[in-house]
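Please read the following report alongside the sequence and the model, taking one region at a time.

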Amino acid sequence: MANKKVLSALVRNHPGVLQRVAGLFYRRGYNIETISACATENPKFTRMTIVVVTSDELEMSQVIRQMSKIQDIRRIAILDEEKAIYSESMMVKFRCESDRRTEFLNLAYRNHMNVLYIGDSTVTVTLTGSPDDLDEVLSKFGEYPIVEMTRSGMSAIEASDRPFVEMDDAEFIN
Amino acid sequence: MKLNGSDIICEVLLEQGVDTVFGYPGGAVLNIYDALYKYSDRITHILTAHEQGASHAADGYARSTGKTGVVIATSGPGATNLVTGIATAMMDSIPMVAITGNVGTPALGKDSFQEVDITGVTMPITKHNFLVRDINTLAPILRKAFLIARSGRPGPVLVDVPKDITAKFAEFENETPKKPVKTEISSDDIAKAVKLINQAQRPMIYAGGGVIAANASDKLLELAEKADMPVSCSLMGLGSFPCDHRLYCGLIGMHGGYGSAMATGNCDLMLVVGARFSDRVAGDAKTFAHNAKIIHIDIDAAEFDKNVLVDLTIRGDAAQVLSKLVEKVAESKHTEWVDQIHAWDSEIHCSQQDGDNATPEAIFAQLNKLMGPDDILCTDVGQHQMWAGQMYHFRKPRTFVSSGGLGTMGYGMGASIGSQVGNPDKRVVLISGDGSFHMNLNELTTLASYDLPIVVLVMNNQVLGMVRQWQKLFYGNRFSHTDPCRKTDFVKLAEAFGVTGMRIEKADEIESVLQAAFDKHGPVVVDCRISKDINALPMIPPGAGADKIITEMN
């Protein structure tokens, strides 16, 4: 049974950290479904949200334990699905000839998309939501072929009043 | 005070208690070597023939002394030549700091002469690595490198220092080295372990390199004696328990004894200390010690349930965990069980004779007479290494220096140099094979330059014996490239390097030649001619259990 978990890691904002994480997953044969990383409110830290698929709980605990050994990773935890809020953004360029444009735009607005660019025969839109929401909305556009698409990968945060993981930069050199 | 980067490197080395480094100069480390010239009264630099030799020397120095080994190499090829040595140290959890030069920061990323992204290259084979881009971070990074190398599960750390950083000045103040923080040990886990040990009828201990890394051999002996638990060692654990003790069961795993293998299958409790259930020990991870409750003690939580699922894990320093266990376990006796294991051992016979010719068995028998309990045995990798594991009399920790995890042929020459430099008053013997020896025999020149009194015994069977043994067992005697038909005369070779060369062919020459080699008190190579059909036995084939043990071949 495949086992999917969302990991939230607070890592040192430093060149090479992504390579260390990606290298570990490659080396040990773990599967990353998505990974997203960006600096946080504290410039010394990057937060990574990694969606990991493992064969079982044991492999998942190995992933966490092996990741914990990377010196640049300060905190790492599995987000509790019940308590987490997920968000992902996507940009999609749909094929849409001018005679169907109005119809398309109505559908896009009904689904809370923002229109970014209207070309001769395409419309580019963006949407933010949970990965499931994005999938669901996409399914409604079946009659408009997708020319190009990009998704950011999931980012997640705990739905609570306190930070999920505390930042502690005491031992950082840089 | 303001110091340049190279002086800062030397100052931090001294601050960290380093008085010996191994290395090889080059363009990018000219400034560092200029500082080493200045600091030569306080830091001894050992120049090897090749950076690989220096990396193994730093590793052998660390294993035999317990201190952190330090190696210095230049950028590009100097740095990449360290790779095998760093990977060897990583696999066996050896504390090492490698300092590499690199091209100046403005030239980084431009494919400059002798530039290589060594932090990228060594990312998977170091515990951590650093590229120093700012002179003000040099000292903190070096201190952190030493702290990481010796904290928790030790390992190699690489610090890449661009040439301009070694010349720039920064404010420097000496600091007292930070002590690694010890992990808190759960008293609940200790209580559970004590209960399991007290209940066991047929307990055993599987001891690994972690016992030696944690300096826990005394505690291991105390626990084994108090709870009357027999002890088997992984290759990395050899020396952690005295071989002449009634509770000692010898090597465990692929080339371990029948007693160890049968005990593994029949014990009702296995206490694993600082070991990681490698495939060379737990050939079949699913059935390993399947009748036993397993307690796993390790400093690295990532080793828990990685290869073999266990019943109880205790995270912590092996010496601390063992001393808590010693305090709490009940005294008991398992005489019948211990006798049974020794009886299993005597059920199989693997003695391999060869008429009046010298044999590994006879050579080790004589070596055991000549070597004192504190003397150091280094090995390369192959059949000779397994013969050492099976036949050498291990008595104390840090007296066996061998590449276990990575299985690095060519490791021994450098490792013996490091062991001898770190232990000038101890006898150092290197057991090698003609295959391994050919890989890094260039380091004979280092033995001669520094007059290191290392005795190198080359188990010369003219073939790549271990691979050939597998070709016999699993590849229908198709000896693909394991019989290289080399014409090297090791006696003449040694002499060309300025090292004494000797030869043993017949069994009756062993005693006198080894004695003469030991009496030289200088570097000696002994070409030990042995049959290519003496194998490393017993052997449990990969993935199999004790019932498949091989005791004779050919």
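## Two aspartates with positive phi

Asp111(B) sits in the loop between strand E5 and helix H6 (118-122) of chain B, where helices (H or I, at least four residues) and strands (E, at least two) are DSSP runs numbered from the N terminus. Although Asp111(B) is not a glycine, its phi is positive, at about 55°. Asp111(B) is exposed, with 8 other C-beta atoms within 10 Å; on this scale a residue is buried if 20 or more other C-beta atoms lie within 10 Å of its own, exposed if 12 or fewer, and partly exposed in between, with C-beta atoms placed from the backbone.

Asp451(B), also a residue other than glycine, has a positive phi near 45°. Asp451(B) lies in the loop between helix H19 (444-449) and strand E18 (455-460) of chain B, and it counts as exposed, with 11 C-beta neighbours inside 10 Å.

## Basis of the model

This is a predicted model, in which local features need pLDDT of at least 70 and side-chain atom pairs count only at pLDDT 80 or more, while totals for chains, interfaces and linings use all residues. Residues are numbered from 1 along each chain as its sequence is written, and chains are lettered from A and ligands numbered from 1 in the order in which they are written.

## A parallel sheet in chain B

In chain B, six strands form an open sheet with parallel pairing, in the order E3-E2-E4-E5-E7-E6; two strands pair if DSSP finds at least two bridges between them. At the edges are strand E3 (44-47) and strand E6 (128-131) of chain B, each of which pairs on one side only, and the twist from one strand to the next averages 20°.

Strand E2 (residues 20-23) of chain B pairs with E3(B) over four bridges in the parallel sense, and Thr20(B) has Thr44(B) in E3(B) as its bridge partner.

## A cis peptide bond

The peptide bond from Leu537(B) to Pro538(B) is cis, with omega near 5°. Pro538(B) belongs to the segment after strand E20 (524-529) of chain B.

## The domains of chain A

Chain A is divided into domain 1 (3-78) and domain 2 (85-155), with bounds that come from an automatic or database domain assignment. Taken over C-alpha atoms, the centres of domain 1 of chain A and domain 2 of chain A are separated by 30 Å. The contact between them takes six residues from domain 1 of chain A and four residues from domain 2 of chain A, two residues being in contact if their C-beta atoms, placed from the backbone, lie within 7 Å.

Conventions. Axes fitted to C-alpha atoms, helices over the stretch in contact; angles between N-to-C directions.
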